[in-house]
Amino acid sequence: MLNNKEIESLPSYLVSWVEEVREKTKPDKVYWCDGSEEENNELTKFLTDTKQWIKLNEEEYPNCYLYRTSTDDVARVEDRTLICTDKEEQAGPTNRWIEKNKALQMMWNLFEGVMRGRTMYVVPYLLGPANSEFSQAGIELTDSAYVVANLRILTRMGNIAWAEIKRKKEIIKSIHSTGNLSLENRYICHFPDERLLMSINTAYGGNAMLSKKPHALRIASVTARDEGWLAEHMFLLEIENKDKNKKYYISGALPSASGKTNLAMIQPPNAFKNFIARTVGDDISWLFIGKEGEVRGINPENGFFGVAYGTGPSSNPNILESLKKNTIFTNVAFNPENNTPWWEGLSNPPSKLYDWTGKLWDGKENAAHKNSRFSTPINQYKYKSEVYNDPKGVELSAMLFGGRRSKLVPLVYEARTFEQGILIGAMTRAETTAAQAGASGIVRDDPMSMLAFCGYNMGEYFNHWFDFADNLKRKPKIFNVNWFRKDDKGNYIWPGFGENFRVINWMIDRVDNKVSAVETPIGFIPNVDDINLEDLNFEKQKLKDLLYFDKQGWVKEMEEVKKFFEKFGERFPKRLWNEFYDMQKRIQDYKNDE
Ligand code: SAT
Ligand code: MN
């Protein structure tokens with residue numbers, strides 16, 4: 001905790017802002033965080049003593065905790081996530097908009113006296129490495145010690161952030177309260193023009209840790225538009241070819257709970273012994289144009305907020321060791337016999353379990369919530385890339401887009417040009433998951449996996465991608481992937497997880513111009529023999545099916561995409577329509593072996 005002298009040394013505009021919020025929300029105490037270990041011990045002990053979370057087995061899981069959110073507060077709530085600006089068209093047809101002043105009034109009414117009897121924590125955080133021109137700082141005022149503990153893992157929180165805040169011209173301010181957790185009055189409001197965030201009546205991750213989706217994507221996407229860069233819902237992966245002593249960096253956008261974290265932590269199968277994969281980031285990438293016109297990426301975060309459910313030896317063997325210390329688990333199951341966490345996919349279930357709501361598990365429903373999460377620091381992850389802390393970021397060789405599609409979309413294809421890649425990203429349609437409240441498995445338009453995260457009019461966002469492209473001299477290749485095709489019985493066809501490296505290997509071969517590919521109307525598809533299936537029991541015929549270009553299916557797909565694009569009216573870039581009509585025509589003209 002900062003002392004008075006330290007507080008006095010902070011910029012006065014900040015101290016008076018905290019004072020203003022204190023007067024309105026009326027906490028008993030204000031606690032200025034410094035991010036130290038001592039402070040963290042104090043906060044974690046407070047959370048344990050007040051039974052807000054459960055301390056796990058200190059021997060097996062040192063400094064690990066299990067937190068349960070209320071049962072209607074387990075995922076992002078997109079219909080309560082609002083963009084608050086003067087005009088509706090600033091938010092665009094895919095966002096929920098409220099007029100700025102109306103939103104401010106509504107939120108201040110809800111925040112009035114809401115922290116009575118509680119402590120308000122002043123939490124400084126830095127997104128991106130210290131001393132980087134790309135980094136941004138923020139302060140979250142929150143009455144949740146759980147949020148503080150998470151921010152300490154997921155961002156560079158504390159004195160490192162105070163130092164940057166003193167230097168920066170501008171910071172993002174955010175205010176959060178768990179309020180009374182009422183769903184009816186739950187709102188996550190974004191004021192991009194004010195660089196302000198307000199969130200109330202929720203404790204769940206992306207709703208409450210305002211550094212994450214609200215700042216690092218929704219507000220940052222607006223700053224990025226104004227300053228000529230991109231804030232994307234992308235992992236950032238390093239692949240080293242040890243034989244060649246060469247490193248490749250690939251960023252990739254997939255919707256929430258669609259395997260971004262697993263892919264960012266991929267372990268190449270035995271057939272690829274000369275490769276090693278390391279993680280730079282698993283969820284968010286900020287992309288800038290370097291001095292030579294190259295795309296450079298940084299990970300603004302400092303930890304992983306990954307889906308626990310399904311994480312295990314087959315899906316993500318690399319992360320498991322990391323989860324054994326300094327980790328917060330949210331909404332996983334609990335083994336009361338030895339105070340350890342459990343979730344589906346981790347191991348066989350222990351004989352006695354409490355489910356994620358705290359009830360004795362009867363084996364009928366999931367024990368862990370499908371959107372259960374771990375918050376774990378990047379620095380204790382064995383396969384992190386050292387560059388995650390590099391203020392200059394890394395140059396991208398490739399980017400990928402994708403999502404869950406049980407039919408139609410091939411395992412992988414490559415855009416012929418960067419600009420066509422923008423179309424492919426914008427055309428992404430994907431099945432919904434447990435990461436957002438509402439039904440799962442429904443195909444929806446999710447351009448660049450940014451549907452829920454673009455803080456301004458998406459028509460303009462597409463145009464910004466073209467502007468970005470215009471300023472590049474070295475353009476990464478763009479690919480689309482789909483690991484999620486299902487057969488008629490509903491089983492996944494492709495084994496996925498580590499085996500996805502076989503597809504990544506092809507991408508790298510394409511980056512190096514090592515292999516040719518088959519041209520189709522949607523882009524280049526691999527020659528079947530160029531996907532290395534060594535040691536994998538997978539029929540070539542199935543691979544052929546996964547790489548098949550289905551003309552009729554794509555004719556229909558384009559009609560669906562067109563309906564979506566039309567929503568943007570005048571704001572939709574001409575250049576993107578041109579790309580669209582070119583592709584549509586190529587599809588219509590295509591003669592295959594029907
Ligand atoms: O809750 S988060 O928004 O941080 C995770 C996700 O949905 O991607
Ligand atoms: Mn995400």
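Let me begin with a term: a residue is called buried under 20% relative accessible area, exposed over 50%, and partly exposed in between, with a 1.4 Å probe and protein chains only. What we have here is a predicted model, in which local features need pLDDT of at least 70 and side-chain atom pairs count only at pLDDT 80 or more, while totals for chains, interfaces and linings use all residues. Residues are numbered from 1 along each chain as its sequence is written, chains are lettered from A and ligands numbered from 1 in the order in which they are written, and side-chain values use heavy atoms, with hydrogens and water left out.

I will turn to the metal site. Donors are N, O and S atoms within 2.8 Å of the metal (3.2 Å for Na, K and Ca), and since water is not among the atoms, sites may look incomplete. With that in mind, the manganese ion (ligand 2) is held by Lys 213 through NZ, His 233 through NE2 and Asp 283 through OD, at 2.2 to 2.3 Å, and the spacing of these donor residues in sequence reads K-x19-H-x49-D. His 233 sits in the loop between β12 (230-232) and β13 (234-241), and Asp 283 in the loop between β15 (275-281) and β16 (285-289), so that pair links distant parts of the chain, 50 residues apart; helices (H or I, at least four residues) and strands (E, at least two) are DSSP runs, numbered from the N terminus. Both His 233 and Asp 283 are buried.

In strand β13 we also find Asn 241, which is buried with a relative accessible area of 6%. If we leave aside its neighbours within four places in sequence, Asn 241 is in contact, meaning heavy atoms within 4.5 Å, with Lys 246, Tyr 248, Asn 274 and Phe 275.

Next, the salt bridges, each of them a side-chain nitrogen of Lys or Arg within 4 Å of a carboxyl oxygen of Asp or Glu. The whole structure contains 47 of these salt bridges, and I have picked out some for discussion. Lys 212 and Glu 301 form a salt bridge at 2.9 Å, N to O; Lys 212 belongs to helix α9 (residues 211-227) and Glu 301 to the loop between β17 (295-298) and β18 (303-307), so this pair ties together parts that are 89 residues apart in sequence. Lys 212 and Glu 301 are both buried. Asp 470 and Arg 575 form another salt bridge, at 3.0 Å, N to O, and that pair links helix α12 (residues 458-470) with helix α16 (residues 574-589), 105 residues apart. Here Asp 470 is partly exposed at 48% relative accessible area, and Arg 575 is likewise partly exposed, at 31%. There is also a network, in which salt bridges that share partners join Arg 405, Arg 429, Asp 445, Glu 557, Glu 560 and Lys 563.

Two strands pair if DSSP finds at least two bridges between them, and an open sheet of five strands runs in the order β2-β3-β19-β22-β18, with mixed pairing. β2 (53-55) and β18 stand at the edges with a single partner strand each, so one side of each is left without a neighbour in the sheet. β18 and β22 (residues 373-377) pair in the antiparallel sense over five bridges, and Phe 305 has Ser 375 of β22 as its bridge partner.

Helix α13 (residues 501-511) deserves a word too, since 10 of its 11 residues are buried, so it is largely enclosed by the rest of the structure. Among the buried residues of α13 are Phe 501, Trp 506 and Arg 510. After α13 comes Asn 513, with a positive phi near 55 degrees.

Finally, the cysteines: how many disulfides are there? A disulfide is a pair of cysteine sulfur atoms within 2.5 Å, and by this rule the count comes to zero. The sulfur of Cys 84 has its closest cysteine sulfur in Cys 189, at 4.0 Å, which is too far for a bond. Cys 84 is buried, at 0% relative accessible area, and Cys 64 is buried, also with a value of 0%.
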